[in-house]
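Biologist: Hi! Could you walk me through this one?
Modeller: Happy to, let's look at it together.

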Amino acid sequence: MELDPDDVFRDDDDDPENEALRQRASSKELVVYLVDASPKMFSTKCPSEDQKDESHFQISISCILESWKTQIINRSYNEVAVCFFNTREKKNLQDLNSVFVFNVADREFLDRPTAKFIKELSRLEEFFVKEIGSQHGIVSGSRENSLYNALWVAQALLRKGSAKTADKRILIFTDEDDPFGNIKGGAKADMTRTTLQRVKDAQDLGISIELLPLSQLDREFNVSLFYADLIGLQGEDLAQFVPAAGERMEDMKYQLRKRMFKKRIVRKLTFSVANGVSIEVHTYAFIRPTVLGSITWLDSVTNQPIKIERSFICADTGALMQEPPKHFQTYKNQNVKFSVEELSEIKRVSTGQLRLLGFKPLSCLKDYHNLRPSTFIFPSDEEVIGSTRIFIALHRSMIRLNRFAVAFYGTSSHSQLVALVAQEEIIDSGGQVEPPGMHMICLPYSDDIRHAEELHSGTNAAIPRANEDQIKKAAALIKRIDLKDFSVYQFANPGLQRHYAILQALALEEDDLPEIKDETVPDEEGLARPGVVKAIEEFKLSVYGDKYDESDNAGHKKVSEASKKRKALADGAVQKSAQYNWDALADSGKLKDLTVVELKFYLSAHDLPVSGKKEDLVKRILTHMGK
């Protein structure tokens, strides 16, 4: 088997299958939505954006649906369940009264949200009264505690999976701030005590419980009556809880379709400091580009994912190869064979450790040295006791001496020099803004840097310079259209938004596509303000003069230059292609001995695609030649 250099020396971390498995294991969420279905949730009406009154029950279901539609894209491995309490009918594995776990066929109670599940929940109101029903689950003179039962059912659903590999949460939607308000005396105290104990048992198992309160039009939800003890609120958190919860409800209902990465460890590293001293650190990714999800091939009949398998057949006998095939690379007309172990050893550039080399002043680190988004480093004492203490000593010294560390960081197939820049903790009145730690910045090698070149119009021509008036007019224009409080979080990728909207419409069989607002389109209304128009006209007049005609210059030069460049590349490929006897090379089977660059001469000269691996290029040439 001939080796493909791009495949042999590919970084294992770039494997999409490895990334999918790593993300599935580290960012999975198991969520149970507990929705109050008492008559009060249906009778209370609130005005919505479309001027229609919505009940608290409708608002809760709408929030859950919008959250799910986003989670299918953002975190496709999340598993959810919907549990109604204060219901007439019951449906749960524990056979407890007033608790109904909503589900559809071919799906477990706690499972990934499917298109069918979302569609059925969206039309729930059509059959809720008839098939599920609403009632007061906690009434005076009865020992029945529907909230306790609902928490028990939710805790049982979340027994699935380990708290170490998944985040387990219970979200409660209710507009009743005192669920035991109708109960008097010792019965109320007993119900309160048992319910809080059930909550504590769930929290001891690693389950977090959150409340999403729904306030009345004339009265705010009083969280201090009962739920403050349930979710552990006190002090300033208690006063700020209801407004913050209301904002979160809006976020759930109208959040963007964007990929959200949870705070998770990207990799655990051993940081070799000096003289055999090594500590353990964890790395976190701050900013990464959002990409479309990978495509999964399905069987056309069963609609099940296809498992791809391949077998090797001997070219001489036609028999299936039982032993693993040998790899080889041709060198001076000799086939050099490699075993799997030898290939693995060849690919291993480093052991994956972070090794300290020395220190440099921060003034030596330039902005253009940052090749890609940095990775954040934080110490851990999980496996190496004392790592945090050593890290803190190093961190404080680097800040005090105004230095950054230079280190060698290598994966199994890639080596890189990195700069470790210490960051101090920043705290304001709202809490921690920036955590203490270090940023690992990938540094370029000497041949990665290209120095800027000045463009001269001619050997003897003067270099154009802006005069004082032009600089003044440009500064005035920039000041006029300055973006106040700009943040990248204000702008979503319109291409991704439309892609996700189409997926949603196809999956849910919706007739109309959700409206997508392109926030990258220029603000025409803002640019039409008299002050902005005046600044633009003054800048144009200062730079181009009063006789400049935009219609004579719009786009022509760019199109002409691009055409000239493409034509020059095509002509060069034709000339270089003519130097080869392609028919003889094809007949003798020596096309595979040419380099990829040489094969592309033929493809470019005949206006054929030049993408793909070397074997794809050879096949494309042979097909074009009819051989």
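Modeller: Let's start with a helix pair: α13 and α16 are roughly antiparallel to each other (that label is for angles over 145 degrees). Helices here are DSSP runs of H or I with at least four residues, and strands are E runs of at least two, numbered from the N terminus. This is a predicted model, where local features need pLDDT of at least 70, side-chain atom pairs count only at pLDDT 80 or more, and totals for chains, interfaces and linings use all residues. Residues are numbered from 1 along each chain as its sequence is written, and side-chain values use heavy atoms, with hydrogens and water left out.

Biologist: At what angle do α13 and α16 pack?
Modeller: About 155°, with the axes of α13 (residues 468-480) and α16 (residues 530-544) 9 Å apart. Axes are lines fitted to C-alpha atoms, for helices over the stretch in contact, and angles run from 0 to 180 degrees between N-to-C directions.

Biologist: Which residues of α13 and α16 make the contact?
Modeller: On α13 they include Ala 474 and Leu 477, and on α16 they include Ile 536 and Phe 539; contact means heavy atoms within 4.5 Å. By class, the contact of α13 with α16 has 8 nonpolar, 3 polar and 4 charged residues. Nonpolar covers Ala, Val, Leu, Ile, Met, Phe, Trp, Tyr, Cys and Pro, charged covers Asp, Glu, Lys and Arg, and the others, Gly among them, are polar.

Biologist: And how do α7 and α8 pack, at what angle?
Modeller: α7 (residues 146-157) and α8 (residues 185-204) pack at about 15°, with axes 9 Å apart. They are therefore roughly parallel to each other, a label for angles under 35 degrees. Among the residues that meet are Trp 152 in α7 and Val 199 in α8. That contact has 6 nonpolar, 3 polar and 2 charged residues.

Biologist: Switching to strands, what is the order in the open sheet of 5 strands?
Modeller: The order is β5-β4-β1-β6-β7, with mixed pairing; two strands pair if DSSP finds at least two bridges between them. β5 (99-102) and β7 (207-213) each have a single partner strand, so one side of each is left without a neighbour in the sheet. The twist averages 20° from one strand to the next.

Biologist: How do β4 and β5 pair?
Modeller: In the antiparallel sense, over 4 bridges, with β4 spanning residues 79-85. Val 82 has Phe 102 in β5 as its bridge partner.

How values were computed:
Parallel < 35°, antiparallel > 145°, perpendicular 65-115°, else oblique.
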